[in-house]
Amino acid sequence: MNGVFDTGIDEHDIGEVTLVARGIATAVAPETGLTDVQAELLEAIAAALTGHRVDYRTLDPLGPAELADVLAARDLDYRQRIVHHMVLGELVLRPIPVVVAHRVAKYAEALAIKDDFVRVARRYAQGAYGLAWMDLERSGFVEHVREADGDAADAARLPSIAPPDDDPALEARWQAFAQLPPDSLGYAVWDMYDSRGFAVPGAPGGAPPYLAQHDFVHVLADYGTNLRGEVEVFALIGRADPAPQGFAWLATLVGLFETGYITTSGFFDRDVRDPVIQAPGMHLRVADAIRRGKTIWQRHCEDLFDFPYHQHAARPVDEVRAMLGVPPKSATALEAGSAPLCSLDGMSETQRKVFTERRGGAG
Amino acid sequence: MNRNFTQTMSVRCSDPERFAKLVEILRQWDRDQASADIMGYMGLRILADRDDPGSYLIVADFGVVDPDVPAADEAARNNERPETQATAAAMRAVLDDDPVYRDYDWEYLTDG
């Protein structure tokens, strides 16, 4: 431990932070000890959320019952988030040892948490990838779509995020954003689509309208559109979700872009050519995205997929940021390379090529 | 080293409509397992015999989820569950004959 940082969230007791870290580290450590990616990611998250830096590699063990005692005064939601940090610590492993997945389940049980993501990690450990995806999809996306559509019966039957039909009226609504002032949210998201060659929702090949909601977050949170930027966006969205099931987004992206446990999600396909979480600085960027998401949750408390961005499309980006309480990126994340939306560093190779052709600039 | 376990069911289902029902029964089984408490069941395949139309092999895999419980024991526990018994009964209703079961431990797996 070497000091308190400015998290912009709330005060944490270093004693409790250390005890919780001991519990998490004990739960997720393979027999050979924590891997570097586990230690760095968990340490970065603890620092971003509590302001205290704990060296995860040097902690004494702490068993499930002892951790339950430490967290006895904390509510269910808080304890569930702690369990999600354990699950994240598992999900970056490939393979996940059965003994680790089983041990995390014991910690969750001791904390009186029955959590779908603990089960998903156990299915990965077992090698039951098909069942794991069905479970993950059901635990996260279907619930979101069901709430968004307001039709539980239909949502239960449909693929969670199905390719949409062409919708000229919707396409026209998105294209109309081009006429808004340059500092507006609508123009910024239209420019993001246009400059990278993305088809807008409603157009052939366009994203489903529900999923396209996350593109407004790219603008508001100022994250790039390459895989690293997507992980940052969904880490933020997942943590901003008042419901713990929001963790499904980050869990899915880690499965798609880091460990390859997931082949396709219906909106992204697996791509593990260049692991994301292990990239230099990404543990700090993901941790900061989680911190920003938590801050938004504390200030606004609404699933960012449900926010009516279209109603506020004409407002300046900064005004919508203020409405949602979006905090700036931390200096740590910026130093770690968190790229702005308009930067070439935040684009994939293909996006960069299209951007250069269409905008001709350096981003 | 965790050793997985496979149970095969050799079945005959000569009517395409009843076969479609069989597939739906097993698809529903998978959906139910995906949201149920973790146990050893990993998934299944239905293989059609190219040389004997109407003959199928259902391959159900089981793995270790508790380091102290072998996969074969997980499968045995699964067989005792009421939902497993109900699914087996529903399957039998669409088959020509009773399934023939065989049990296997995994001895080797191609794994890069």
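Two residues are in contact here if their C-beta atoms, placed from the backbone, lie within 7 Å. Among contacts in chain B between residues at least 6 apart in sequence, 67% join residues at least 24 apart. Please keep in mind throughout that this is a predicted model.

Let me stay with chain B. The chain has 3 helices and 4 strands, and along the sequence they come in the pattern β-α-β-β-α-α-β. The radius of gyration is 15 Å, close to the 13 Å that the globule rule gives for 112 residues, so chain B is as compact as a globular protein of that length. The C-alpha trace of chain B spans about 45 × 30 × 25 Å along its principal axes. Of the 112 residues in chain B, 23% are buried.

Next, the strands. Strand 3 of chain B, residues 55-62, pairs with strand 1, residues 5-12, through 8 bridges, and the two run antiparallel. If you want a pair to look at on screen, take Thr8(B), whose bridge partner in strand 3 is Val59(B). Strand 3 of chain B also pairs with strand 2, residues 41-48, again in the antiparallel sense, over 7 bridges. In that pairing, Leu47(B) stands opposite Leu57(B) of strand 3. Strands 2 and 3 of chain B form a hairpin with 6 residues between them. In the turn of that hairpin sits Gly54(B), with a positive phi of about 95°.

Now the contact between the chains. Chain B contributes 14 residues and chain A contributes 14 residues. Which elements of chain B each supply at least two residues of the side that touches chain A? They are helix 1, residues 16-34, and strand 2. Helix 1 of chain B gives the largest share of that side, 4 residues. By class, the side of chain B that touches chain A divides into 6 nonpolar, 5 polar and 3 charged residues.

On to chain A. The domain assignment gives domain 1 as residues 14-127 and domain 2 as residues 163-359. Their C-alpha centres lie 27 Å apart. Where the domains of chain A meet, 20 residues of domain 1 are in contact with 19 residues of domain 2. On the domain 1 side, helix 2 (36-50), helix 4 and helix 6 (116-126) of chain A each supply at least two residues. Helix 2 of chain A has the largest share of that side, with 8 residues. The side of domain 1 that touches domain 2 has 14 nonpolar, 2 polar and 4 charged residues.

One helix in chain A deserves a slide of its own. Helix 5 of chain A has 13 residues and reaches 18 Å from its first C-alpha to its last, close to the 18 Å expected at 1.5 Å a residue. Its buried residues are Val100(A), Ala101(A), Arg103(A), Val104(A), Ala105(A), Tyr107(A) and Ala108(A). As background, an α-helix has 3.6 residues a turn, so residues three or four places apart point the same way. What covers the buried residues of helix 5 of chain A? The cover includes helix 1 (14-28), helix 3 (64-70), helix 4 and helix 6 of chain A. After helix 5 of chain A comes Ala112(A), with a positive phi near 60°.

That brings me to the backbone exceptions. Most residues other than glycine have a negative phi, and most peptide bonds are trans. Arg94(A) and Pro95(A) are joined by a cis peptide bond, with omega about 0°. Pro95(A) is placed in the loop between helix 4 (76-91) and helix 5 (98-110) of chain A.

Two loop residues of chain A also have a positive phi. Asp222(A) has a phi near 60°, and its loop runs between helix 12 (209-221) and helix 13 (227-240) of chain A. Cys301(A) has a phi near 55°, and lies in the loop between helix 15 (282-299) and helix 16 (317-324) of chain A.

Is each of these residues buried or exposed? Asp222(A) is buried, because 22 other C-beta atoms lie within 10 Å, and the cut-off for buried is 20 or more. Cys301(A) has 11 other C-beta atoms within 10 Å and is therefore exposed, the cut-off there being 12 or fewer.

Technical notes. Residues numbered from 1 in each chain as written. Chains lettered and ligands numbered in written order. Predicted model: local features only at pLDDT ≥ 70, side-chain atom pairs only at ≥ 80, totals over all residues. Pairing = 2+ DSSP bridges. Nonpolar A, V, L, I, M, F, W, Y, C, P; charged D, E, K, R; others polar. Rg over C-alpha atoms; globule rule 2.2 N^0.38 Å. Domains from an automatic or database assignment. Expected span 1.5 Å × (residues − 1).
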